[in-house]
Amino acid sequence: MWASFPSLGLWPLASVGVGMLALATAGAGAWRGGVLGFSFGMASFAPLLSWSGVYLGSVPWLALTTLQSLYLAGLGAVCGWLQPLRVGRPGSPGTMQRWDHPFWREVARLRVRPVVVTLAWITQELARSHTPFGGFPWARLAFSQADAPTVRLAALAGAPGVSAVVALTGAGLAAATLGWAQHRRRSALGWAAAALALVAGPLLIQPPTDGPTAQILAIQGNVPQAGLDFNAQRRAVLDNHAELTTAAAAWIRSGQLERPDLVIWPENASDIDPYRNPDAERTITAAVDAVGAPILLGAVLSEPVAGNTNASLLYTPGVGITDRYDKRHPVPFAEYIPWRPFFRFFSTQVDLVERDFVAGSRVGLMRISRPDGPPLAVGVNICFEVAGDDLVADGVNAGATLIVVQTNNATFGYTDEAAQQLAISRFRAVEHARSVVHVSTVGLSALITPDGVAHQTTSLFTAATLSRQLPVRNQLTAAAILGGWPATVAAAGLLVCALRRVNSLRVEGGRRRTRSAVE
């Protein structure tokens, strides 16, 4: 499962991982299934989320890994309980002799239920994406599929739909494997054909890339050094982005670059509050005037009292700040510490976050005037917000024709975190049929077209300028309209399966009591 995500990106292994867990939990029962699910979670999340401990140490990394694995424990318990052993032995009389061996007798009783496994997987992802403290929707099956044919289904049912297809493919392959071992060849071939259709079928869908365009300029200014201390040199970070923008302005005047409709700086481009620091304000304004276009930049604001705000500010030439978006989902234990006294008992590292970031309440939609063409409607998302289905969809449903993801990956060094996040942005492009500007302080940055293709992808810890015309589209996809309903329906379907299982156990128990009374 881990290897299916970037940077390895071996996307078929996502289905293989689901299939292996489906087989492992078949007939295992709830308790054994829970242990198997937890082991599965630790084995996949530990390497996948290792970036979370690159500078903070093993405690946050293992805590996050363990928390996420508990959801997989629940998944394993449900799959073990809802995939009970068969009664009797399958096979024709000519093959019954094979089942006399203890191993084959056990295999004969196993049963994989692909639909149940799929519903359980989507329910697990739903729970993990919203709990606790707003959830951690990272490393969902769908986000491993940016290079797979299945990503083309994103526009139909979003991340839950793509995760469901990946899970059903894997569980179907498990059912096919088990069916072949049990000499149920028709069933095995049926599930194998279904798995093949689920993977290859989306190739018939062609994501749209047409429509009017906007000229975008993205600035990756870089930081003096990787790590948590990058913001100790915050003046240098601001100057890097301003100087690179001024250089780009000279290239525009000389005809080497097209004049942009919008310039985008990343999250934390100015950790010096421009509202309260006139020098930072002058630096930004000078860059805006030089390039002659609006600049959307990430800034840390020293407000409210005793707190901070992670914001995206829109600077317009000759005017100054004309719009603002405050991050709606600050990251727990990174931007704020919930239950600080309680968690300080386990680690004093919680006090590295001296001032908690507060959450904004307004959807990140900005309308930017253009001299040649209609206003540009931009849906703004800051860093980890790109992983939240509703946060991205809110901007699109409000009218965004372009998605912007401003992020800062300096705190994760040379790990896979940046590649994993870029894959999520590529998924969002296909899901909403929108171009996505994914810009980081240090990389990986890219300009992504609505078919999910990343253009001009930068390297880590380099300064870079990205310039391209991107399609701006306004048609809503089915995924944007449906929102979270596919995941809710999956959870309801799992509940129905559980109630049927409870009823069958009640009926079976009644029969046993009747037989005992007769005997």
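A nonpolar core is a set of buried Ala, Val, Leu, Ile, Met, Phe, Trp, Tyr and Cys residues joined through side-chain atoms within 4.5 Å. Buried means under 20% relative accessible area, with a 1.4 Å probe and protein chains only.

This is a predicted model: local features need pLDDT of at least 70, side-chain atom pairs count only at pLDDT 80 or more, and totals for chains, interfaces and linings use all residues. Residues are numbered from 1 along each chain as its sequence is written, and side-chain values use heavy atoms, without hydrogens and water.

**Exercise 1. Find the residues that touch the most other members of the largest nonpolar core.**

Step 1. The core holds 98 residues. Trp121 and Ile216 touch the most other members.
Step 2. Helix α6 (residues 154-181) supplies the largest share, 10 residues. Helices here are DSSP runs of H or I, at least four residues; strands are runs of E, at least two; both are numbered from the N terminus.
Step 3. Look apart from this core. Another one has 26 residues, including Ala248 and Ala311.
Step 4. List the contacts (heavy atoms within 4.5 Å) of isoleucine 216. Beyond four places in sequence, they include Leu262, Leu376, Val437 and Arg468.

**Exercise 2. Trace the sheet that contains β12 and say which strands stand at its edges.**

Step 1. Write the order: β5-β4-β3-β2-β1-β12, an open sheet of 6 strands with mixed pairing. Strands pair if DSSP finds at least two bridges between them.
Step 2. β5 (320-326) and β12 (464-471) each have a single partner strand, so one side of each lacks a neighbour in the sheet.
Step 3. Take the twist. It averages 30° from one strand to the next. Axes are lines fitted to C-alpha atoms, for helices over the stretch in contact; angles run from 0 to 180 degrees between N-to-C directions.
Step 4. Check one pair. β1 (residues 213-220) and β12 are antiparallel over 8 bridges. Threonine 213 faces proline 471 in β12.

Note on methods. Buried < 20%, exposed > 50% of the residue type's maximum accessible area, 1.4 Å probe, protein only. Contact = heavy atoms within 4.5 Å.
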